[in-house]
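Q: I'm new to this one, could you walk me through it?
A: Gladly; here it is, and we can start at the surface.

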Amino acid sequence: MSAGQDIFKQVMRRWASGVAIVTTRLGAEMHGLTVSGFGGISLEPPLVLVSIGHNQHSHNWIKDSGNYAVNFLRADQADLSDRFARRTAEGEDRFAGIAYRSAVSGAPILEECLAWFDCRLTARHVVGDHTLFVGEVLAGEVVSDAPPLIYYNGAYRPLAAEPERPVERKDEHVNT
């Protein structure tokens, strides 16, 4: 028996995550949406995944294009996150007035983001009402050392200041 949507949403709101805009290009058309469902999954080859709901307009664009870029946002880019999170009217261009370029795959890379990955779609897994899109990282760049945009409990939050000294870790990785 599953916990249900209400408890699932309540618990997930307690998971702090970075915010990214996933973009894709299919022919001359570009699409993008704000996501927090992102993860790195392999070093060799370098693979990442994004989780996109089946009801999202960009879902089929990513599936059909075979490419996507993950653009990590800076703390001062909440407006950009909101712009790509809302539903758009027919013909509205989310990219209007935003500087972007492409790298290897052709997916739009936002010039002013914190960092980015450019990916070629290698696998997709339908899981519930979402698809996990696995992409091989073809290129990437750290653009800025600014703090990231963090989403927690239904709102954007500042990242706490870094400690004066790094905390020493005894184990590199702990399995439970």
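Q: Which residues form a nonpolar patch on the surface?
A: Ile 7, Phe 8, Val 11, Met 12 and Trp 15 form it, with about 560 Å² of accessible area together. Such patches are made of residues with over 30% relative accessible area and no salt bridge, nonpolar side chains (Val, Leu, Ile, Met, Phe, Trp, Tyr) being joined within 5 Å and like charges within 9 Å. A salt bridge is a side-chain nitrogen of Lys or Arg within 4 Å of a carboxyl oxygen of Asp or Glu, and the areas come from the Shrake-Rupley method with a 1.4 Å probe, with only the protein chains shown counting as cover for residues.

Q: What kind of model is this, by the way?
A: This is a predicted model, in which local features need pLDDT of at least 70 and side-chain atom pairs count only at pLDDT 80 or more, while totals for chains, interfaces and linings use all residues. Residues are numbered from 1 along each chain as its sequence is written, and side-chain values use heavy atoms, leaving out hydrogens and water.

Q: Where is Trp 15 found, and why does it count as exposed?
A: Trp 15 is found in the loop between α1 (5-12) and β1 (17-18), where helices (H or I, at least four residues) and strands (E, at least two) are DSSP runs, numbered from the N terminus. Trp 15 counts as exposed because its relative accessibility is 61%, given that exposed means over 50%, buried under 20% and partly exposed in between (1.4 Å probe, protein chains only).

Q: What about the sheet, how many strands form it?
A: Seven strands form an open, antiparallel sheet in the order β3-β2-β6-β9-β10-β5-β4, where two strands pair if DSSP finds at least two bridges between them. The edge strands, β3 (29-35) and β4 (38-42), each pair on one side only.
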